[in-house]
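Please look through the structure below.

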Amino acid sequence: MAADRERVTFGGRPLIYADRGMLDWLFVGGALPVIVPPFAGPGSDELYVSLLEPFDALVLHGGVDVSPTSYGEQPRDPAWGGDRLRDDYEIGLFRAALQMNKPVLGVCRGHQVINVALGGTLYQDIATDLPNALQHRNAELYASNHHTVAFAPSLLLHQLFGVTRATVNSVHHQAIKDLAPGLEVLARAAEDDVIEAVHLPA
């Protein structure tokens, strides 16, 4: 599991952290989650492969924005600058996982990273780029902000859950804009068609 590069707290000390709820769900599902600490600077393909060698799968979870520079744009607002170092690190891990045929789960930021790693782009801010969209992020409600998603018929999530719609929580302000080649859309927000889940078929 890749982690946020740092969060300044505890008197200015940088932390490496993961969402406790995410760790709990992985543990309940039979996995033993391990945080792979990020490093500063570019890594070689061999290094990423060696980092993933002991593990069965890779989880890319939520956190700070994906930097627009990672998909060939400049931030239109300083607040949307993201973390390019974390992007490079997670993209390196993702490509290594593909090379090694290891499963990858991308959650929130994670599925956006996967899209960018494969050549897609993002809306830098849903509210700005799609003014008629529903509110995907509410700072006060945070994880209690919910909306409905519609599953693509006959594809993976529809097959897994056996329903065409579900309610999910939503804390993201970025979203997939141009879908990367090879990805298929598994779910969209029912009210505004924003992409909420993707899959890379084997």
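## Terms and model

A residue is called buried when its relative accessible area is under 20%, exposed when that area is over 50%, and partly exposed in between (1.4 Å probe, protein chains only). Phe-151 is one case: its relative accessibility is 10%, so Phe-151 counts as buried.

The model is predicted: local features need pLDDT of at least 70, side-chain atom pairs count only at pLDDT 80 or more, and totals for chains, interfaces and linings use all residues. Residues are numbered from 1 along each chain as its sequence is written, and side-chain values use heavy atoms, with hydrogens and water left out.

## Confidence

The predictor gives each residue a confidence, pLDDT, from 0 to 100. For the protein chain the mean is 89. A value of 70 or more is reached by 94% of its residues.

Helices and strands here are DSSP runs, numbered from the N terminus (helices: H or I, at least four residues; strands: E, at least two). Where is confidence lowest, and where is it highest? Strand 1 (residues 7-9) has the lowest mean, 54. Strand 5 (residues 122-123) has the highest, 98.

## Aromatic pairs

Rings of Phe, Tyr and Trp (its six-membered ring) pair if their centres lie within 6.5 Å; planes under 30 degrees apart count as stacked, over 60 as edge-to-face and the rest as tilted. The whole structure holds two aromatic pairs. One joins Tyr-48 and Tyr-89, and this pair is tilted. The ring centres are 6.5 Å apart, with 55° between the planes. Tyr-48 sits in helix 2 (residues 45-52) and Tyr-89 in helix 3 (residues 84-99), so the pair ties together parts that are 41 residues apart in sequence. Tyr-48 is buried, at 5% relative accessibility. Tyr-89 is buried too, at 1%.

Phe-151 and Phe-161 form a stacked pair. Phe-151 belongs to strand 6 (residues 146-151) and Phe-161 to helix 6 (residues 156-161); the two are 10 residues apart. Phe-161 is exposed, with a relative accessible area of 56%.

## Helix 4

How many residues of helix 4 (residues 109-117) are buried? The count is nine of its nine residues. Among them are Arg-109, His-111, Val-113 and Asn-115.

What covers these buried residues? The cover, judged by contact (heavy atoms within 4.5 Å), includes strand 3 (58-60), helix 3 and strand 4 (104-106). It also includes strand 5, strand 8 (175-176) and strand 10 (195-199). Gly-119 follows helix 4, and the phi of Gly-119 is positive, near 105°.

## Salt bridges

A salt bridge is a side-chain nitrogen of Lys or Arg within 4 Å of a carboxyl oxygen of Asp or Glu. The structure has seven salt bridges. One of them joins Asp-24 and Arg-20, at 3.0 Å from N to O. Both residues lie in helix 1 (residues 20-28). They are four residues apart, about one turn of the helix. Asp-24 is partly exposed, at 35% relative accessibility, while Arg-20 is exposed, at 60%.

Asp-129 and Arg-76 also meet in a salt bridge, at 2.3 Å from N to O. This pair links distant parts of the chain, 53 residues apart. Asp-129 is in helix 5 (residues 126-129), and Arg-76 is in the loop between strand 3 and helix 3. Asp-129 is partly exposed, at 25%. Arg-76 is partly exposed, at 48%.

## A buried bridge and its network

Arg-109 forms a salt bridge with Asp-87, with the closest N and O atoms 2.8 Å apart. Arg-109 lies in helix 4 and Asp-87 in helix 3, 22 residues apart. Arg-109 is buried, with a relative accessible area of 1%. Asp-87 is buried, at 0%. Which residues share one network? Salt bridges with shared partners join Arg-86, Asp-87, Glu-90 and Arg-109.

## A nonpolar patch

Patches are made of residues with over 30% relative accessible area and no salt bridge; like charges are joined within 9 Å, nonpolar side chains (Val, Leu, Ile, Met, Phe, Trp, Tyr) within 5 Å. Areas come from the Shrake-Rupley method with a 1.4 Å probe, and for residues only the protein chains shown count as cover. Leu-156, Leu-160, Phe-161 and Val-163 make a nonpolar surface patch of about 380 Å². Leu-156 is in helix 6 and is partly exposed, at 33%.
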